[in-house]
Amino acid sequence: MREKNRTTLRKIEYHKKESFYLIVRGLEVGIVAGLISVLYRFLLSSAENKLMKILDFVKGNPLRISIWFIFLLIIGYFVSIINKWEPMAAGSGIPQINGEIKGHFSANWWKVIISKLIAGTASVFCGLSLGREGPSVQLGGMAGKGVATLTKADKTTQLRMISCGAGAGMAAAFNAPLAGIMFVLEEIHHSFDKNILCMGIVATITADYTSKLFFGQSTTFNYDTVNFPLRQYWILVLIGIILGVSGILYNLIMVKAQDVFKRIKKIPNSVKLPIVFLISGIVGLVMPEILCGGHNMETLLMDNRPSLSILLTLVTAKFLFGAICFASGAPGGTLYPLCILGAYLGGICGTISINTFDLAPQLWEEFVVIGMAGFFSSIVRAPITSIVLIFELTGNMNNLLPVATVSLISYATANLIGVNPLYEMLLERIINTEHEKPKFHSTDEKILKTYIVPVGSKISKKTISNIDWGKHCLVVSIERNGVSITPKGDTVIKDGDELVILISQRRFEKDSAKLEILISE
């Protein structure tokens, strides 16, 4: 009995130390990731403001326009050189972080940070339809990797710090700490890891606090909520289906745009990218509202409540221009632009619904935010993150039920159609291209990975010895109903078990993917 008590006390003491260690690591990641994301946010805001001043200055003057277009071509060529110097900094950055955590590749953290800061700012300064949120996720993840590398953390801790840094980056970009950690758990890990949750909550809150010190505490969308009529919820069901289908079309067209861009092999990227920058210059003179991430469109939407024809024009133009910019591979994100597209789709649905079904005009803002949530949910396939994100962007709990309704129906519709989420599709495409393989130490360090056994899993009710875990994997711990169990060959796996599995670093990419399939099926 005494020996059992000593063992219990040792476990309690270990968990106390581990919790403190995770909190400290979370603070480190949150501060560094928050500061880098704040810097990126400041650079992009300044670049966008200067862009609008330049457009006002050159508009109507052929000589100034010519000089501006020449400058755009030069900047486009410069960005193509940076993309060649560090390919992992191209595009959104979320698939790259996802691949890093899953062991597909290992990016040079400081090169990615430098490349993203410079090339991302240059792209937005030239007006490309790209946002800061996706790059902030990558910048935060690379900041976490940098801290882990400099402090010589083990590989398991490093992967956790990359994950939490990604969440911290999103928290700083959106001022949404809960959405940041939910994004990591739901979109990147697809599971509930208590260690990442502990470290991640600290990191995202710290990053959010850092961001608010510089940019203030006001929410992005402020409006007076009007409760949606319960008898009219069938309209929300219909909107959820529409947004689910729209999200699938968005994913397919975005990926197709990349294919078209890559098929033009006779023209090198050092020429194609400057052409995209030139197109951005032309768009800036004709329709400056659709430039950059979409903050001008956001202001127009919430302050002026545009007519249906203007909404349709802007959402179509923003989508087409965004597809061109995204396909080019210029460093920049799609998260906020797709949120803006969703908001405009919600505004279109709201305008039609209010005019057709005699709803209260004050419900229009409600349609805008549920459109954003539903579109995000169908594209990213992360309904919980979309619900939490809308709550944090609006600071309003009264819209929870309609937002949740549309998000879940949109998510279910997209899943039913069967097209993969956007960032998974992008990750597969990066994996299938040539990239630098991870380098391993001669000691072949082991990595601890946590998995939750879902209800109905094929491994449930089987003994450990009767499951093919793989030669290089070892179940080292099982937590069931808050109690730690030492695994043995005859230990039976049950629904809801939290498995901690030791995986060889050399085999991590293949074995972790195999385990995810094994446990989730």
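Which residue just after α16 takes a positive phi? In this predicted model, the residue is G418, with a phi of about 100 degrees.

Helix α16 itself covers residues 400–417. Its 18 residues should span 26 Å at 1.5 Å a residue, and the end C-alpha atoms are 26 Å apart, so the expectation and the model agree. The buried residues of α16 are P402, V403, A404, T405, V406, S407, S410, T413 and A414. An α-helix has 3.6 residues a turn, so residues three or four places apart point the same way.

Helix α10 spans residues 269–286. This helix has 18 residues and reaches 26 Å from its first C-alpha to its last, close to the 26 Å expected at 1.5 Å a residue. Its buried residues are K272, L273, P274, V276, F277, S280, G281, V283, G284 and L285.

Two packed helices are described by the angle between their axes and the distance between the axes. For α10 and α12 (residues 308–328), the angle is about 155 degrees and the axes lie 10 Å apart. Angles over 145 degrees count as roughly antiparallel, which means that α10 is roughly antiparallel to α12. The crossing of the pair is left-handed. On the α10 side the contact is made by L273, V276, I279, S280 and V283, and on the α12 side by F321, I324, C325 and S328. These contact residues comprise 7 nonpolar and 2 polar residues, with no charged ones. Of the α10 contact residues, L273, V276, S280 and V283 are also listed as buried.

Note on methods. Residues numbered from 1 in each chain as written. Predicted model: local features only at pLDDT ≥ 70, side-chain atom pairs only at ≥ 80, totals over all residues. Heavy atoms only, no water. Axes fitted to C-alpha atoms, helices over the stretch in contact; angles between N-to-C directions. Helix = DSSP H or I, 4+ residues; strand = E, 2+ residues; numbered from the N terminus. Parallel < 35°, antiparallel > 145°, perpendicular 65-115°, else oblique. Left-handed = near helix turned anticlockwise from the far one by under 90°. Contact = heavy atoms within 4.5 Å. Nonpolar A, V, L, I, M, F, W, Y, C, P; charged D, E, K, R; others polar. Expected span 1.5 Å × (residues − 1). Buried < 20%, exposed > 50% of the residue type's maximum accessible area, 1.4 Å probe, protein only.
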